[in-house]
Amino acid sequence: MQHRPETLWIFAYGSLIWNPEFAHVEQRPATAPGWHRSFCLKLTRWRGTRDLPALMLALDRGGSCNGIVYRLPAEDHFGQLGQLMRREIDANPPTNVPRWIKVKTTSGPLIALAFVAAPDCRAYAGKLPLEQVAQTLARAAGHWGSSAQYLFRTVGMLEQSGIRDRNLWRIQNLVARQIVASTSDTNHA
């Protein structure tokens, strides 16, 4: 969908909520119909390694996703988008791609820029069982920290924003159990 907005909105569903790294003048709760939050991208850096890849959240097709839309200042959209693209798209080929999506807010519908999973990229993991996602997140870590920490920050900020994602809460519970089990195994060894 081609869109040349006068007002630029960004849809955030994961780390952009707790670490937006861009200036914004307004934020609103929003729902993206036709998309859902999913740990569907494999990472071999940042919060994972080649030996133990991590998983990263992306928007994937189907369902519905509650998040936040941020309205960027009216000046310098080009510069703001450049900064956002450098942050979100640094894999070659890209693992998540920018896309204009329709979102619903209490003030009415909007068109917002979102970063969605590229299902044809090598890093696309697709729909994984929650237990497998939890096992990966409990173990993977890289130079930006652990995947469990990424999950914890995301869930915490979603909760602070009044957004409940049943799957993320379930995954967080499974990750916590895995971490407790692995530390008790270490203590008994």
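This is a predicted model: local features need pLDDT of at least 70, side-chain atom pairs count only at pLDDT 80 or more; totals for chains, interfaces and linings use all residues.
Reader: In which sense does β1 pair with β3?

Author: The two strands pair in the antiparallel sense, over four bridges. Alanine 12 has isoleucine 68 of β3 as its bridge partner.

Reader: Which residues have the most contacts inside the largest nonpolar core?

Author: In soluble globular proteins, nonpolar side chains tend to be buried together. Here the largest nonpolar core has 59 residues, and those with the most contacts inside it are Phe11, Phe39, Leu59, Val103, Leu168 and Ile171. Strand β3, residues 54–71, supplies the largest share of this core, 10 residues. Leucine 59 touches, among others beyond four places away in sequence, Phe11, Trp35, Ile101 and Val116.

Reader: Is arginine 47 buried or exposed?

Author: Arginine 47 counts as buried because its relative accessible area is 8%, and the cut-off for buried is under 20%. This residue is found in the loop between β2 (26–43) and β3.

Reader: What lies around the side chain of arginine 47?

Author: A polar atom of that side chain lies 3.2 Å from the backbone oxygen of serine 146. Leaving aside neighbours within four places in sequence, the residues in contact with arginine 47 include Trp18, Trp144, Tyr150 and Arg153.

Key
Residues are numbered from 1 along each chain as its sequence is written. Side-chain values use heavy atoms; hydrogens and water are left out. A nonpolar core is a set of buried Ala, Val, Leu, Ile, Met, Phe, Trp, Tyr and Cys residues joined through side-chain atoms within 4.5 Å. Buried means under 20% relative accessible area, exposed over 50%, partly exposed in between (1.4 Å probe, protein chains only). Contact means heavy atoms within 4.5 Å. A polar contact is a pair of N or O atoms within 3.5 Å; within protein, one must be able to donate a hydrogen and the other to accept it, and residues adjacent in sequence count only if both atoms are side-chain atoms. Two strands pair if DSSP finds at least two bridges between them.
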